[in-house]
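Here is a short briefing to read alongside the structure. Take a look at the model, then follow the points below topic by topic.

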Amino acid sequence: MKNSIPQFLLLENPPAQAGGDGRRRASLSLVDRSMAVFARLLQDIVVQCDLASRSGLLELLDARVKVLFWALLLVIISLKSTIVSLASIAAMIIMLMLGARVGFGHVYGKVLPLTVFFGFLLSAPSMLNIFVPGTVILPLITLQDPVSVLTITIPRQIGITEEGLVICLRLVLRVFASLSLSVLMLAVTPFPEVVRALKLFRVPDFLLLILTLTGKYIYLFAQTVLDMYRAMKVRLVFGISAADFRAWSTGRMATIFRKTQMRADDIYRAMLCRGFSGEIRLAGSRQPGRADWLGAGVLAVFVLAALVV
């Protein structure tokens with residue numbers, strides 16, 4: 001029987017090369033990697049809901065207890081100024097993680113890259129004696145003479161100073177401890193419960209509305225971008241020219257912007273139709289039980305220990 005399937009559908013990987021018009025074809029590998037970021041974002045939202053619903057020790061505590069502990073420990077971390085204190089608090093957070101059914105890979109897979117970027121890379125220049133004068137412990141470059149660039153004087157010997165290294169390590173440990181605590185608390189507390197706890201702590205309603213709607217829109221935005229890209233990709237056979245792909249990307253940006261405006265207006269009208277007056281009303285909240293008070297006592301010990309180290 002004669003095969004009636006078109007030849008181009010039998011190709012496993014259609015070649016993305018120049019067409020008959022000689023136009024350069026766009027490589028979608030970078031775009032695929034970018035779309036994978038949105039896919040991981042959606043996966044993280046779903047995984048967070050699943051992790052927060054498990055029956056671990058931290059997961060079962062009242063959200064108000066966890067939010068209060070979270071805020072107090074963040075304040076303490078921001079006030080600590082010694083490397084030993086910050087390292088001790090980071091170690092305590094790792095110990096606290098043992099009381100939750102959260103994998104180390106799930107938490108530190110997010111914490112370490114952010115720590116490297118926001119903690120180390122941004123503070124690495126402070127280790128050099130160009131910016132922080134001090135005792136050079138590791139010489140790097142030796143110039144013939146000092147050089148003046150605008151208001152900065154570059155010394156003859158450029159190296160890492162002891163004072164600059166302390167500043168860099170302090171910032172790295174502070175970022176690492178803060179991110180570890182925040183990711184852990186978000187992993188063991190459902191987002192709606194965080195909003196409920198903030199409401200009970202008298203956080204203004206408009207801030208809670210911004211926080212809630214932003215979280216929901218991030219999920220919808222990622223889903224919309226993925227759907228648009230997949231719809232475009234399944235229609236491609238031999239690739240797309242770079243100019244056409246730029247035109248497509250620009251058009252999708254405009255489309256998403258219009259969708260955002262329309263969705264915001266529709267949501268606001270729907271809220272008004274349902275009697276929204278700008279105030280968030282809680283349907284009901286459970287009273288803290290014996291386990292919550294016991295957990296609050298344990299977390300209070302952690303706060304006191306972090307305060308004295």
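Helices α2 and α6 run roughly perpendicular to each other, because the angle between them, about 75°, falls in the range of 65 to 115 degrees. Please keep in mind that this is a predicted model.

**Where α2 meets α6**
- Helix α2 covers residues 63-79 and helix α6 covers residues 191-200, and their axes lie 9 Å apart.
- On the α2 side, the contact is made by Ala63, Arg64 and Val67.
- On the α6 side, the residues in contact are Glu193, Val194, Ala197, Leu198 and Leu200.
- Sorted by class, this contact has six nonpolar residues, two charged ones and no polar ones.
- Glu193, which belongs to helix α6, has a relative accessible area of 32%, so Glu193 is partly exposed.
- Glu193 and Asp62 are 131 residues apart along the chain, yet their C-alpha atoms are separated by 8.7 Å.

**Nonpolar cores**
- The largest nonpolar core has 33 residues.
- The residues with the most contacts inside this core are Leu58, Phe69, Leu73, Ile93, Leu96, Leu184 and Met185.
- Five helices each supply at least two residues of this core: α2, α3 (83-97), α4 (104-121), α5 (162-188) and α9 (290-308).
- Helix α5 gives the largest share of this core, with nine residues.
- Which residues does Met185 touch, leaving aside its neighbours within four places in sequence? Met185 is in contact with Leu58, Lys66, Phe69, Trp70 and Leu96.
- There is also a second, separate core of five residues, and Met127, Ile160, Cys168 and Val172 are among them.

- Side chains of opposite charge can pair when their charged atoms come close.
- Asp62 has a relative accessibility of 6%, so Asp62 counts as buried.
- Asp205 counts as buried because its relative accessibility is 15%, and Lys199 counts as buried because its value is 18%; the cut-off for buried is under 20%.
- Arg269 is exposed because its relative accessible area is 51%, and Asp266 is partly exposed because its relative accessible area is 45%.

**A backbone detail at Arg202**
- Most residues other than glycine have a negative phi.
- Arg202 is not a glycine, but has a positive phi, near 70°.
- Where is Arg202 placed? Arg202 is in the loop between α6 and α7 (205-233).
- Is the side of the story here buried or exposed for Arg202? Arg202 counts as exposed because its relative accessibility is 75%.

Key: Residues are numbered from 1 along each chain as its sequence is written. This is a predicted model: local features need pLDDT of at least 70, side-chain atom pairs count only at pLDDT 80 or more; totals for chains, interfaces and linings use all residues. Side-chain values use heavy atoms; hydrogens and water are left out. Axes are lines fitted to C-alpha atoms, for helices over the stretch in contact, and angles run from 0 to 180 degrees between N-to-C directions. Helices (H or I, at least four residues) and strands (E, at least two) are DSSP runs, numbered from the N terminus. Angles under 35 degrees count as roughly parallel, over 145 as roughly antiparallel, 65 to 115 as roughly perpendicular and the rest as oblique. Contact means heavy atoms within 4.5 Å. Ala, Val, Leu, Ile, Met, Phe, Trp, Tyr, Cys and Pro count as nonpolar, Asp, Glu, Lys and Arg as charged, and the others, Gly among them, as polar. Buried means under 20% relative accessible area, exposed over 50%, partly exposed in between (1.4 Å probe, protein chains only). A nonpolar core is a set of buried Ala, Val, Leu, Ile, Met, Phe, Trp, Tyr and Cys residues joined through side-chain atoms within 4.5 Å.
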